[in-house]
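Me: Hi! I'd like to talk through a model with you, starting with what its database record says. Could you put it up?

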Amino acid sequence: MARVLATAVRVSPWQSLLCLFETLGKVLAALSPLFIGVFAAGALKQDLRQMLCAAAALVGSTAANTALQAVGVNARVRQMELVGHTFDAQIAELTARIPTLDHLENASYLDKLQILRDNENALGGALNTLINTINTLAYAVSVLLVAVTADWRLLILIALGAARLLTARWSMRWEKAAEEAAAAPGRLTRHLIDLTVSPAAGAETRVFGHQSELRRRIRLAVVGWRRPTVRSTDRNSALAGANSVLFFATAVVLLGWMTRDAMAGTVSVQSLVVAVGVLQGLQSVSSSFVSAVGSLTKVGRNCARFLWLRDYADEVAAVHTGRRQPPDRLRDGIRIERLSFRYGDSARDSLTDISLDLPAGSVVALVGENGAGKSTLVKLLAGLYRPTGGRVLVDGVDLADLDLIGWRSRMSGAFQDHARFELTAQRSVGAGDLAVLDDPERVLRALHDAAAEDVVNALPAGLGTRLGTTWPGGVDLSGGQWQRLAIARGMMRQSPLLMVLDEPTAALDAATEHSLFERYAEARRPGRVTLLVTHRFSTVAAADLVVVLDQGRVIEVGPHAELLANQGHYANLYELQGRGYR
Ligand SMILES: Nc1ncnc2c1ncn2[C@@H]1O[C@H](COP(=O)(O)OP(=O)(O)O)[C@@H](O)[C@H]1O
Ligand SMILES: [Mg+2]
């Protein structure tokens, strides 16, 4: 809360001050019954002066109240937006700052983030809520003071209002439970809706006739997403209804009692009129208090989630304390020592006890069937995950001791899940080395190294062509073409220590992959490790070293010829798969 207030004052101190005008207005509003009472008493006594004074006070305070509220509300809304933007920007910044990927694959993290996003207005409106609470408080105190000057019996109603606050705790519990229950179905709904609108899934959903099933599931998911909220709202309305009935029943009894006393002359008409006026105020005070407390706890929950996100980002940053810079060029190479890895919620290891030497200057082929753990190993080498066991040594230095950003700036390559940057072709490839993003010569060279010139040559405006159909005039590419641009992007950096090509040619046929891999292998450089990853056993003969991965374990390592002579798994599959195109 203090943070919210501090942020508000920081983004605009003057506006924060103007917000308090509304509070002043509320106090004036609470005084109205008092003026009406004085007016009524004057009328009974036929005291014109008293009547005029009371009327002037009433009109004056109402006018001032209206003006103050207008200024205050305006300031509050503007302030709310400013503070909201500040927090949204911070959430985005925090999420992007986390250097590893674990969190994006962790369901409970995604749930929390989803709630934060669903409630971004609540966080932005935290200030709004705070000011509302202050206003309610000011109004309440003023109404209470006016009430006790009128008649002590009104205190019974005040006690009822206080009891109402106690029941508000149930409402908050229901709301919190509903928010949490809705997070996962909310993500499912979004995913399903994305499926129906994304062009990538369009062909499959239509050919396989998924549309009506998708619609059915979206309906179900929306119900699952909204039902907890609807249910908690229903319960809250019932509770509020019961409270109001109780309040008004008590109010009727009290007024009857006071009216009887007024007839008997023990209660003044002025007090009676004030009491009637105050009644309405009291009712609105108790319900606005309940909603203010409700919103405040909601804001509190969101602030807690925000702090959780910040702590999480800090925690991840604290784990990566390594500050050593990678060497200019590799002397020995990369050594993998007893490396194991298991994904967050997974029941089994994706990599088990892997030890390997990737010598500097060599081209290493990593082969294995789908799901063998190849991409997982690549991600560990990029420091995108922390190993569950073992370590990676770069020229003898543990990857954990290296500065992650520094290390990544010395990596390059193409990942299996490559990005489709919908920019101009020039920039989509140039993004592989931001320093020379707009240098066409460098991009052309990278395209040449990746044997992807023909992709760009076929574009209507060459390198200047805008890619992606989300842009007017944008040109879409086939999956294979996007992938070849991704490989070219991987060729942009001039002297990476580690070059990884993770199934860069999966969309191409085996013969093309074979010749491309030969080409990449020829590009071997001293001081660098090149890692070619594929599920095809028949395309990597040109590598210096072949590593066969199977179910997360290394089952064979050696030069191509040696592995062939061994007549093991690799030799078998090499024969089998190679027959197709030799
Ligand atoms: N994000 C993830 N969460 C849980 N398990 C995963 C995740 N990514 C991959 N796996 C599992 O890890 C194993 C290895 O996957 P991967 O490294 O992608 O294989 P490959 O690249 O060799 O095809 C597979 O069993 C896969 O199901
Ligand atoms: Mg893979």
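Me: Thanks! Which residues does UniProt annotate as "transmembrane region"?
Reply: The UniProt annotation, from an unreviewed entry, covers residues 24–44, 51–72, 137–166 and 236–258. UniProt positions are given here in the numbering used for this model, feature names are shortened, and annotations may be inferred rather than shown by experiment.

Me: Before we go on, what should I know about the model and its numbering?
Reply: This is a predicted model, where local features need pLDDT of at least 70 and side-chain atom pairs count only at pLDDT 80 or more, while totals for chains, interfaces and linings use all residues. Residues are numbered from 1 along each chain as its sequence is written, chains are lettered from A and ligands numbered from 1 in the order in which they are written, and side-chain values use heavy atoms, with hydrogens and water left out.

Me: Good. How much of residues 51–72 is helix, and how much is strand?
Reply: That span is 100% helix and 0% strand, and its end C-alpha atoms lie 31 Å apart. Helices (H or I, at least four residues) and strands (E, at least two) are DSSP runs, numbered from the N terminus. For residues 236–258 the figures are 100% helix and 0% strand, with 32 Å between the end C-alpha atoms.

Me: And where is Ala64?
Reply: Ala64 sits in helix α3, which runs over residues 48–97. Ala64 counts as partly exposed, at 31% relative accessibility. Here buried means under 20% relative accessible area, exposed over 50%, and partly exposed in between (1.4 Å probe, protein chains only). Its C-alpha atom is 10 Å from that of Glu22, 42 residues away along the chain.

Me: Changing topic: where does UniProt place the "domain: ABC transporter" feature?
Reply: At residues 334–576, again from an unreviewed entry. Over those residues the chain is 31% helix and 23% strand, with end C-alpha atoms 32 Å apart.

Me: On to the ligands. How many residues surround ligand 1?
Reply: There are 13, and the closest are Ser350, Gly371, Lys374, Ser375 and Thr376. A residue counts as near if one of its heavy atoms lies within 4 Å of the molecule. By class, the shell has two nonpolar, seven polar and four charged residues. Ala, Val, Leu, Ile, Met, Phe, Trp, Tyr, Cys and Pro count as nonpolar, Asp, Glu, Lys and Arg as charged, and the others, Gly among them, as polar.

Me: What does the side chain of Ser350 do there?
Reply: One of its N or O atoms is 2.7 Å from an oxygen atom of ligand 1. A polar backbone atom of Gly371 is also 2.7 Å from an oxygen atom of ligand 1. On the Tyr343 side chain, an N or O atom is 3.5 Å from a nitrogen atom of ligand 1.

Me: How much of ligand 1 does the protein bury?
Reply: The protein buries 68% of the 560 Å² that ligand 1 exposes when taken alone. These areas come from the Shrake-Rupley method with a 1.4 Å probe.

Me: And which protein donors does the magnesium ion have?
Reply: Ser375 (OG) and Gln416 (OE1), lying 2.0 Å from ligand 2, the magnesium ion. The pair links distant parts of the chain, 41 residues apart: Ser375 is in helix α11 (residues 374–381), and Gln416 is in the loop between β6 (411–414) and α13 (425–430). Donors are N, O and S atoms within 2.8 Å of the metal (3.2 Å for Na, K and Ca); water is not among the atoms, so sites may look incomplete.

Me: Is Ser375 buried or exposed?
Reply: Ser375 is buried, at 19% relative accessibility, while Gln416 is partly exposed at 35%.

Me: Last one: what is phi for Asp395?
Reply: Near 50 degrees, a positive value in a residue other than glycine. Most residues other than glycine have a negative phi. Asp395 lies in the loop between β4 (389–394) and β5 (397–398), and is buried, with a relative accessible area of 11%. Gln551 has a positive phi too, about 45 degrees, but Gln551 is exposed at 60%.

Terms used:
Polar contact = N/O pair within 3.5 Å; in protein donor to acceptor, adjacent residues only side chain to side chain.
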